Every structure is written in structure tokens, then in C-alpha cells.
Amino acid sequence: MKRMTGIILTLILLALCTSFALAAEGGNPKKGKYLYKKNCKSCHAAGAEGGELTPLSKTQAQWDRFFEKKGQACQGHAKISEKDVKDVQQFLFDHAADSDQPETCG
Amino acid sequence: MRKLLILLIAALLAVPSVAMAAESVDELQRKIQEMTLELNELSKRVDKTERHTALDRISWYGDLRVKADTLHYKDVTRSQGVFFDFADFGARAMGGEFGDPGDPASPIAKFVTAFPQQANTFFTGGYAPQDFFIIAAPEKSDINNDILYTTRLRLGMKAKVWENVNFSGRLSMYKNWGDSTGSKVFDSWNSFTMDGTNGGNTTGDWVRVERAYFDWKDIGGSNFYLSIGRRPSTYGPPSQYRENEMRGGTPSGHLVHFNFDGITIGYKLGKHTGVEGQVVRFCYGQGFESEWGNGELFNEIDTDDVHLGGFNIDAINDGTNFLQFTLFRAEDVTDGFKGVIAFPSQFAQQLAPTMWQDLQNFPNFNFVTRVQPSTNIGDIMLGGVGFTREEMNGVNWFASLGWTRTDPNGKAGMFGGLLSDPVYQAALVPDPAGGEMIMPMVTATPSSNDEEDGYSVYVGVQVPAPLGKFGLEYNYGSRYWTPFTQAQDDVVGSKLATRGHAGEAYYIFDINPNMFIKVGAIYYDYKYTGSGSPVGAPVKIEDVQDGTAASILPAVDEVWDGYASLTVKF
């Protein structure tokens with residue numbers, strides 16, 4: 001039992017000592033999904049001005065680069081706040097081509 | 001002179017610009033050459049990448065989980081006995097079949113001498129016409145396994161076959177540390193190495209095909225899809241929250257957590273109704289093949305295949321709300337499955353006394369054997385409705401109701417029928433000491449032929465917490481609750497199959513999106529025996545402890561399972 005307690009404590013300490021280092025960290029993906037549908041799809045649907053973009057269009061790293069370069073421009077086009085952009089970025093990052101996907105049929 | 005001066009100045013001014021212009025052209029040409037070279041190199045590299053992408057057709061991903069569990073079982077009871085036909089015994093004894101009770105050499109006299117207490121209960125009318133004949137007083141003990149380490153490796157595969165056709169697969173290995181035999185001594189469903197539960201029970205270092213199927217979508221431009229193969233029928237909703245992963249399977253994880261080979265025909269109804277994620281699916285699978293590869297040479301064991309079919313409907317799946325309806329029927333369920341077990345020697349003590357004598361010479365040996373069912377015992381219906389909601393603030397919660405109904409066909413195998421025990425009757429066998437003796441012999445008659453309804457409720461919540469999330473879950477299963485969740489990888493046994501109460505609390509530390517630590521505990525409070533098994537009559541745990549009911553497998557009362565795990569996804 002003592003051994004088990006030791007393992008648990010070690011794991012907790014390990015978790016506490018770990019820091020996050022992601023560009024997309026901190027956004028709310030649920031809000032991001034809503035904002036993406038409301039503000040981004042008008043420019044980024046199939047055949048629209050900005051070209052079709054879905055979360056699966058890019059990998060997580062590519063989304064980070066995308067927002068580094070074009071985040072401000074998108075913010076201007078969509079007239080949304082910096083926080084909103086972060087939420088959208090988090091949603092797109094979380095559902096990127098190389099993110100976890102539901103494991104279902106169809 | 002003045003003109004000359006002007007010309008000289010103009011020449012001086014012009015020289016550098018001409019010189020500079022000449023340099024710029026050279027520089028530009030050089031740069032173009034460099035860029036051309038670079039483009040050629042890039043083109044070659046892209047060609048290589050394209051070639052690699054085209055040839056490397058499977059995209060691999062996976063996860064590795066190492067886990068330590070500390071297991072504490074309270075009041076594990078063994079109550080040796082059989083469900084006995086006392087009415088038949090009495091009638092035959094009265095008819096003189098078992099000899100004269102006054103003759104000490106008669107079978108009936110030997111029987112009374114061997115079981116004086118039971119004989120007294122019988123003669124004073126203490127038994128029902130059919131009742132448990134308990135051979136020995138119950139033995140109760142606590143079992144503590146301070147630490148049990150396991151490793152689970154899952155390798156996922158994806159490939160694009162065509163624009164609307166995809167392949168998915170998953171190879172998995174789940175082992176406890178220090179054991180790669182691939183078989184365990186049979187004490188529960190958890191220890192049975194079999195097709196439907198391999199992925200969820202420790203079966204050594206074998207990498208098994210847990211899933212392999214294709215999806216053929218938008219068939220002929222319609223909203224239909226077809227999926228065939230080894231199904232994604234484990235880790236379904238709402239069990240993904242405790243796994244800290246996305247939805248891990250198609251059917252309700254509350255009802256089905258079992259590997260099936262089968263077919264799904266789906267229709268994306270949402271494209272008509274506008275309801276996001278609305279899909280209607282008809283699923284069909286086979287749980288047992290009765291002819292191919294079985295252990296008899298001339299088809300002596302006459303069983304039918306086991307088929308399962310039904311509907312699995314995602315009524316809403318919009319990323320926030322998820323509502324699912326499930327209705328399945330398993331036809332011609334057998335009294336077990338094909339599988340591999342290490343034979344528990346204690347079974348021989350009760351069921352094969354001659355073998356038991358020999359096995360005493362090898363107390364630490366268990367022979368590994370392939371078992372197969374002997375009898376079709378009836379049908380099982382499963383139904384359920386589950387709702388999950390993911391709130392904007394990161395709180396996830398769910399509630400799921402499950403229902404099962406067993407419809408027995410009046411038959412029983414050696415270990416029983418559908419939620420019933422086999423009835424034993426008295427038989428005369430040669431006594432090694434001379435003459436004859438009475439032995440209880442198993443019949444093909446079940447102790448009950450009633451339809452039984454089982455119910456279960458499963459609720460849970462997961463809330464954001466510092467560095468991760470905290471979750472609480474609870475489930476209750478009634479006496480006859482009989483879901484197909486035996487492949488759930490809880491080491492004590494599928495918590496969702498519990499006939500009784502199960503509660504779990506956990507804390508997940510999200511180290512990064514691909515790593516997390518989970519620390520938690522599950523408490524099981526079993527009220528009835530046989531959780532997860534459609535074979536055998538569920539009896540009250542307290543009746544087994546009191547010695548008024550028998551349980552051939554260990555009857556567990558309460559268990560604490562404390563655990564810590566580290567999972568990495570790659």
C-alpha cells in the first residue's frame with residue numbers, strides 16, 4: 001500500500017511540475033466552434049472568397065502557423081475580439097487532421 | 001569649358017548608376033539561378049514525399065497506458081453446492097430405489113451418514129422441492145493484491161481506399177506485468193480468453209486485431225453507408241469521459257462493450273431533417289460460429305450460431321448534446337463462448353472426483369483447455385437511452401438507462417441456462433468402497449424458465465479542475481442486469497456489468513494534449529452473483545455468505561480498486 005501511495009504521489013508531482021507549451025492553449029473550443037460557424041464559414045466555405053477551411057484542412061502545427069500569420073487579418077475580417085480568435089484557434093487545433101477523432105463507423 | 005564641366009559631371013553621375021544597373025542584373029540572374037536550383041531540389045524532395053505518401057498507405061497512431069491498481073476484495077465466499085431436485089429424490093427414495101435406510105451398506109444410508117445435517121433438513125421439510133444442496137459450509141476470505149501493474153498498447157490504423165471509402169483498424173495488447181501465457185485460471189468472465197473480450201482483459205503480450213473494418217460512405221450518392229468487419233463496438237458513449245478520449249465506439253458503452261464481427265448499414269438522416277449528427281444504423285453481428293472449427297469430429301454437439309442485430313440511433317450529435325437510442329437482440333445465446341482457460345482444479349473436486357485425485361499430485365498445475373458452448377439457452381434483448389451534454393464551461397455530464405430481458409428456451413448446459421442454474425438429480429454410481437452410492441448428477445433442465453428483466457442506470461459528471469479535470473461516476477444494476485460489456489478493461493471486471501452498486505472518482509492531469517495521468521478509485525458493492533454472465537442464476541451475495549445458496553465461482557461482496565495510470569498518445 002505504501003508503495004502504491006508513493007507511486008500516486010510521484011505521478012501527481014510529475015503532473016504539477018509539467019508546464020503547457022502550446023500556442024493554442026487557453027481557448028474555449030466549445031465557444032470556438034460556435035464562433036467558427038457564425039463568423040468564419042462565410043469566407044471559408046467551399047467556393048467562398050477565402051477558400052474552404054475546415055478543422056481537418058490542416059494539422060495542429062499548421063493551424064498554429066496559420067493563426068500566427070493570418071490571425072489578426074481574420075480578426076479584422078470577422079470583426080471579433082482577440083479572445084474569440086483564440087477560441088476559434090483552440091477549436092480548429094483540437095479538431096485538426098492529426099488530432100484525436102471519434103472512433104466510430106460511418 | 002562650362003559645357004565640358006557639365007558633361008564630366010553628368011558622366012561621373014552616370015557611371016555609378018550604369019555600374020550599379022549592371023550589378024543588379026548580374027545579381028538577379030544569380031538569384032534566379034539559385035532559385036531555379038532550389039526549386040529543382042524542392043521538386044525532387046516533393047516528388048519523394050509524394051511517392052512516400054502514395055506508397056505509405058496506412059496512417060498509424062496509437063496510445064500506451066501503464067497502470068497500477070491496488071485491489072482489495074472483501075468477503076470473497078465459496079459455497080460449494082448444487083441446485084438439487086429434492087422432490088425427485090424423495091419420491092425415488094420412498095420407492096426404494098436407493099435401498100433400505102436401515103441397511104448401513106445401502107446408498108441412502110451412506111448418503112445420510114455423509115450429509116447428516118442436510119438429511120435432517122430434508123426429513124424435517126426444510127428444503128423447497130428444488131433447492132440448493134450445500135455440500136460444505138461456506139468459506140469466506142478477504143483478498144488483497146497490493147499492486148497489480150498492467151500495460152495496454154493500442155495501435156490505430158487508417159487508410160483512404162477511395163474518395164468515399166476508408167479503412168480503420170486497431171491492434172491491441174493488454175497484459176499484466178510478468179505474465180505472457182495468454183490464459184488465466186477461470187474465475188470469472190474477466191479470466192476467459194475469448195473473441196469478444198480479448199481487448200479488454202489481460203491476455204499476455206499478444207498483439208490482437210481488436211478492430212478492422214471499412215466504411216463505404218455516400219453509396220451511389222445517397223446518404224447510406226456500409227461498414228463491415230471487426231467492429232468499433234467497445235468504449236462507446238458515455239464511457240469515453242473516464243477514458244479521457246473522444247467517443248471510442250459506435251454503440252452505447254453502457255450496453256455493449258464487446259468485440260463483434262459484423263455489418264452496419266447506416267443512414268445519415270440529419271441530411272434530411274437538418275438535425276446535426278443524426279444517424280440511424282442497423283447493426284448485425286455473429287457472436288458464435290457453431291460449425292467451423294469446433295471440437296467434435298462429426299458435429300455431435302448440436303448448437304446454432306449466435307446472431308445479434310438491432311438498431312443504434314444517434315438522434316442528436318451536435319458536439320454539445322448527444323442523444324442515443326439502442327435496441328439489440330441476441331438470438332440463440334449459448335451457455336458460453338469459444339475460449340481458452342486454465343482449468344481451476346477446484347472444479348474437478350466437485351464435478352470430476354477421479355480427475356481431482358490425480359490433480360492432487362500437481363497442486364500448482366492447471367491444464368490449459370479450449371472450451372466451447374454445448375447448448376443454446378435462449379435470447380437476450382438489450383435496450384437503452386443515453387444522453388450526454390458538454391457545457392460551454394467545460395463541464396461534461398451524462399445519464400444513461402439500460403434494460404435487458406432474457407427469454408430462456410428451457411435448456412441448460414453444465415453451468416446452467418439463461419440466468420438459471422442446472423438442476424441436479426440423484427444418481428446411483430459405483431462406490432469405490434463397494435456397492436453403490438448416491439451422487440448428484442447434472443441434468444439439462446434449468447432451475448428457472450422465466451423471462452427476467454434487468455435494469456441499470458449510469459450517471460456521471462466531469463468538471464474542469466486545476467491542471468485537468470475531476471470526474472464522478474455511479475452505476476447500479478439490478479439482479480437480472482445482463483449487458484454485453486465484458487470487454488470493459490477494468491481489472492476487477494466491467495464496472496457497468498455490476499449487479500449492485502459501483503462508484504468511481506478520478507482526477508485526470510492533462511500534461512499536454514498527448515499525455516495524461518489519471519488517479520482514481522472504483523468501489524464495487526455486488527448485491528447478486530454472476531455480474532456480466534448470462535449463464536447461472538443470480539443469487540443474493542448474503543445468501544451465499546449464509547450458506548443458503550451455492551456459488552461455484554467466487555462470490556465477491558465488495559471491492560476497492562485504487563489506481564494510477566499514465567497514458568501517452570502518439
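## Basis of the model

Residues are numbered from 1 along each chain as its sequence is written, and chains are lettered from A in the order in which they are written. Because the model is predicted, local features need pLDDT of at least 70 and side-chain atom pairs count only at pLDDT 80 or more, whereas totals for chains, interfaces and linings use all residues; side-chain values use heavy atoms, with hydrogens and water left out.

## Chain A

Chain A holds 4 helices and 0 strands, helices being DSSP runs of H or I with at least four residues and strands DSSP runs of E with at least two, numbered from the N terminus. The order of its elements from the N terminus on is α-α-α-α. Of its 106 residues, 33% count as buried, a term that stands for under 20% relative accessible area, with exposed meaning over 50% and partly exposed the range in between (1.4 Å probe, protein chains only). Among contacts (heavy atoms within 4.5 Å) in chain A between residues at least 6 apart in sequence, 67% join residues at least 24 apart.

## The interface between chains A and B

The interface brings 28 residues of chain A into contact with 45 residues of chain B. The area buried between the two chains, that is, the accessible area (1.4 Å probe) lost on putting them together and summed over both, is about 3000 Å², with carbon and sulfur atoms giving 65% of this area. There are 4 salt bridges between chain A and chain B, each defined by a side-chain nitrogen of Lys or Arg within 4 Å of a carboxyl oxygen of Asp or Glu. One of the residue pairs in a salt bridge is A:Lys37 with B:Glu276, where the closest N and O atoms are 3.0 Å apart.

On the side of chain A that touches chain B, helix 1 (2–17) and helix 2 (29–44) each supply at least two residues, and helix 1 gives the largest share, 9 residues.

In soluble globular proteins, nonpolar side chains tend to be buried together.

Leaving aside residues up to four places away in sequence, B:Tyr73 touches B:Asp142, B:Ile143, B:Val492, B:Val556, B:Glu558 and B:Val559.

## Backbone exceptions

Most residues other than glycine have a negative phi, and most peptide bonds are trans. The peptide bond from B:Pro237 to B:Pro238 is cis, with omega near 5 degrees, and B:Pro238 is placed in the loop between strand 8 (224–230) and helix 5 (240–243) of chain B.

B:Asp75, although not a glycine, has a positive phi of about 55 degrees; this residue lies in strand 1 of chain B and is partly exposed, with a relative accessible area of 21%. B:Asn244 also has a positive phi, near 55 degrees, but lies in the loop between helix 5 and strand 9 (261–267) of chain B and counts as buried at 11% relative accessibility.
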